[in-house]
Structure formats: C-alpha cells, structure tokens
Amino acid sequence: VQVALEEAQIAARERGLTGAPVGRRNFGIAAHIDSGKTTLSERILFYSGRIRRIHEVRGKDGVGATMDSMELERERGITIASAATYLNWQRGFHLNLIDTPGHVDFTIEVERAMRVLDGAILVLCGVSGVQSQSLTVDRQMRRYRVPRLAFVNKLDRQGANPERVLEQIVNKLHQPAAFLTIPIGVERDLVGVVDVIRQQAVYFEGEYGEQLRIEDTIPSSLKSKADQARRHLIECLANVDERFGDLFLEHDYGVPEDAIHRAIRRATIARSFTPVYCGSALRNVGVQPLLDAVVNYLPSPVEVRSYAMQGDTEQRIQLEPDANASLVSLAFKLEDGRFGQLTYLRVYQGTLRRGDLIYNARTGKRLRVPRLVRLHADQMEDIQEATAGDICAMFGLDCASGDTFTDEAGLGRRLSLESIRVPEPVI
Ligand code: GDP
C-alpha cells in the first residue's frame, strides 16, 4: 500500500497536481460467462462492508442452496446491478467497481465502459481456462490499454489446474504472467493460498471466509512450489523491467519486498505483465489478496493520461485529474432502474457540484446539476460534489450516453470525450 501511494504521489508531483486522487481506483471485472464474475463482485462488496450477507448458494456441485435459483438471481441482480458501485478497501482507498457488459464485442456500451476504467480483473475459470469470451474481453482491454490482474477462480472444482491457466495466459493472451498467490489444497480441499512474495500461508476462516489467519510457515508440501513461484515472478519482472533486472542480478533472489511491489506495479500499469491470483470466489478463498492487488498494482487516475478532443479540429487535449481545473466529465451510462432515471458520469477534470451550472458540449444546452449521488451496492448516498477521477450519478438528466459535460469555460472549446483517444500510462 505504501508503495502504491508513493508511486501515485510521484506521478502527481511530476504532473504538478496537488490534492490528486491518489487513493482512487476505478476498476471493472471481465470474464467469460459463467466464470464467476457475479460471485466475485458479490464477495468484493461483502469484504468491503457494502453488503452484510452473502447469498447462500453452493454451486452446482455443492449442497444447501437456501434460495431457489430464480429468487437468488433476482436478489443478486439487485445487489450488484449498479453501473458503478463505490466501496472502501484498506485505509484511505476509495474504489469504484464499474460494471462492464463483458462478453459482447464492438458495441458502444462496451467501449464506454472500458473507457472509464483505469484497471480490471480478468476472471478465468480454473477448469476451463482461457475461453472464447476471455479472448474477447482481453482484446477490449488491450484496445483501451486497460491494465489488468488475472484471477483463476473455481480452484475448488474437480479438474482445476492453475498452472495450465497460467500457461494459457502466456500463450493465448500473449502476456508475461506469474503467480502472486498459489492455492493451498486442491479441489474440495482448497483451504487458502500462499502469498508468493512474502512466502506466507493465508487461510480463510469463518462462515464466509471473512477472517484471515496468516502463518509465516507454509505447508511443507508446498515449499518448493512456492519457492519456484517466487523465482519465476522475479525472473518475469527482470525481463520486463530494466531497473529491476539490475537489482535482481546484484541481489540474486533476495530482492527487497518494496522493490518487487514497485516493479509489479509499473509493469502491470504498462501492460507488460499480468499478476495472477488463485482462489475460489464461491468458497471465499483468495478474494482479499486480490482486492489488495487492486489497490497495490492497478493505477490511480493520476497514473493514467486521458484526453479529450477539441471541437472539429481533432486536436487532442490532455486532461488533468485536478479538482481545481475546469470541469470535463463524461456521461457513460444512462440507467432507468430501481432508483429512477440515473446518469452515471466520470469526472476527468475539475469538480462537479450540486447546484452548479454545467453545459452539454454536444448540444450546448445549459443545466443546473440536480441531486448528485454515489451508489453503494443496494443503497444510495447523496453527495455534494464529485472531483476529478471520481464516478457519480445524477438524477433525471436530459442527455445521451457519451455526452461530455463542461463548465462555461469548457463550452467554448467544444470538448468531446466521446472521441477520446486511448489513455496512456504515466510511468
Ligand atoms: P458469471 O456468469 O461470470 O457472472 O458467473 P456466476 O458468478 O454467476 O457463476 C456461475 C456459476 O459458477 C454459479 O453457479 C456459481 O455459483 C458458480 N461459481 C462461481 N465461482 C465459483 C467457485 O469458485 N467455485 C465453484 N465451484 N463454483 C463457482
């Protein structure tokens, strides 16, 4: 966490930003259908305290479902249906989990969702590995240069094989990748994971795996596997990060932890490396280390350069995630749902305040910012303002998805985020 904050602060300083959103993460989850995206999203909301209970479903090969599947789907759908859900993880970090339509390709919906993400988790089934839609969502992430982590899920299922999935990430997704956690126990006996950097065992206990028990010794049966995983990680990093290569040569494998975190973070943001996590969302194994990784290795808005186009000139303007700059925001999703008509916006620059006058850059229309909210799983919170890097929703707005909103200063420049170019990492 310390490394993540330091890195973001360095980027903020280089960009001359003060009060930049260094603790913000806007991320999505992408997966082949049925890989466990919904289950994982629910677990993430649970661990971050957004929902109090996990729906009792034990999967196709389990027992004891307490709801019939129709009822369950409806309840789960309601819990995580928002286009963006705000949550906290670790001290000082604010995350927005953004819904990505996922497996459909080349649609404007997908493009907009990809565009507002700074990072993503790619969920892969531990049995089926990289599937057709995994390739599709990976292609989308590549097109928008979205850095990502991989989560190899369903390792409690018979026939699960994380090593094979890792090989597929390397061979089919063409990415250097290494394990950051490896499973303890196989199939039905999956009980925890080994943290590869620290070489610690992390067990998940309690009814929902809500308690962590960390042990400095790892099961002896896993010792050589864990050692090998650590060496493989360091070799991968030495190949993609020059600075790390030198360190690695000097110190052999005893590289300091901070240096490893820094190298992983930089390589992940540059999309030259994929950290791979193991576990089972359904069994609540391995989810918390994955959430830690969202904070540790995915970029804050400060570490990504976003652009808007100016008028008809096709001139590219770099946006600064600075709360005091003039407002530039994108309406990326209109939703007519349980809370009424909502427009979701990402603020790229400046501050969106309730009651302020803003302008729709496409139509030139002026409007006063109505009620401004943030969604928390199944609740809604009124907020007074949303600053650069944040995601919020406005009530009942007359606009189209893809519209850009600016303040009066921005109106004359006729900025458009709809034709925004691919963001670039700041490293
Ligand atoms: P989605 O289509 O990607 O959103 O997948 P879901 O989260 O709906 O999961 C699809 C099915 O796989 C459901 O029956 C889940 O209960 C089950 N599932 C999800 N994660 C796991 C897991 O880690 N282990 C097992 N055994 N089943 C899982």
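Colleague: How many of the nine residues of helix α4 (residues 108-116) are buried?

Modeller: The model is predicted, and buried here means under 20% relative accessible area, exposed over 50%, partly exposed in between (1.4 Å probe, protein chains only). Helices (H or I, at least four residues) and strands (E, at least two) are DSSP runs, numbered from the N terminus. Helix α4 is largely enclosed by the rest of the structure, because the count of its buried residues is seven.

Colleague: What pLDDT do local features need?

Modeller: The score called pLDDT is the predictor's confidence in each residue, from 0 to 100. Residues are numbered from 1 along each chain as its sequence is written, and side-chain values use heavy atoms, leaving out hydrogens and water. In this predicted model, totals for chains, interfaces and linings use all residues, side-chain atom pairs count only at pLDDT 80 or more, and local features need a pLDDT of at least 70.

Colleague: Which elements are included in what covers the buried residues of α4?

Modeller: The buried residues of α4 are Val-110, Glu-111, Arg-112, Ala-113, Met-114, Arg-115 and Val-116. Their cover includes one helix segment, α5 (132-143), and the strands β1 (24-31), β3 (94-98), β14 (328-337), β15 (340-349) and β22 (391-395).

Colleague: What percentage of the 427 residues in the protein chain is buried?

Modeller: The protein chain has eleven helices and 25 strands. Its accessible surface (Shrake-Rupley method, 1.4 Å probe; for residues, only the protein chains shown count as cover) comes to about 17800 Å², and 46% of that belongs to carbon and sulfur atoms. Among the 427 residues, the buried share is 56%.

Colleague: What share of the contacts with a separation of 6 or more comes from residues 24 or more positions apart?

Modeller: Contact means heavy atoms within 4.5 Å. Within the protein chain, for contacts with a separation of 6 or more, residues 24 or more positions apart account for 70%.

Colleague: Over which residues does pLDDT stay under 50?

Modeller: The protein chain has a mean pLDDT of 86, and 87% of its residues reach 70 or more. For the complex, the predictor gives a pTM of 0.91 and an ipTM of 0.99. Where pLDDT is low, the predicted coordinates should not be read in detail. The stretch where pLDDT stays under 50 has 19 contacts beyond four places in sequence in the model, and covers residues 56-70.

Colleague: Which residues come nearest to the ligand?

Modeller: A residue counts as near a molecule or strand if one of its heavy atoms lies within 4 Å of it. The shell around the ligand divides into three nonpolar residues (Ala, Val, Leu, Ile, Met, Phe, Trp, Tyr, Cys and Pro), seven charged (Asp, Glu, Lys and Arg) and eight polar (the others, Gly among them). Helix α2 (residues 37-47) gives the largest share of that shell, three residues. Of the 18 residues around the ligand, those that come nearest are Asp-34, Thr-38, Thr-39, Asp-156 and Ser-280.

Colleague: What percentage of the 570 Å² that the ligand exposes when taken alone does the protein bury?

Modeller: A polar contact is a pair of N or O atoms within 3.5 Å; within protein, one must be able to donate a hydrogen and the other to accept it, and residues adjacent in sequence count only if both atoms are side-chain atoms. A polar side-chain atom of Ser-280 is 2.6 Å from a ligand oxygen, while a polar backbone atom of Ser-35 is 3.3 Å from an oxygen atom of the ligand. A backbone N or O atom of Ala-281 also lies 3.2 Å from a ligand oxygen. Of the 570 Å² exposed by the ligand alone, the protein buries 88%.

Colleague: How far apart are the C-alpha atoms of Ala-201 and Ile-214?

Modeller: Ala-201 is in strand β9 (residues 200-205), and it is buried with a relative accessible area of 0%. Beyond four places in sequence, its contacts include Ile-184, Val-193 and Ile-214. Ala-201 and Ile-214 are 13 residues apart along the chain, and their C-alpha atoms are separated by 5.7 Å.

Colleague: Is Gln-90 buried or partly exposed?

Modeller: Gln-90 is in the loop between β2 (84-88) and β3, and has a positive phi of about 60° although it is not a glycine. Its relative accessibility is 31%, so Gln-90 counts as partly exposed.

Colleague: What is the relative accessible area of Arg-271?

Modeller: Arg-271 lies in the loop between α9 (257-269) and β11 (274-278). Arg-271 is not a glycine, yet has a positive phi of about 60°. Arg-271 is buried, with a relative accessible area of 13%.
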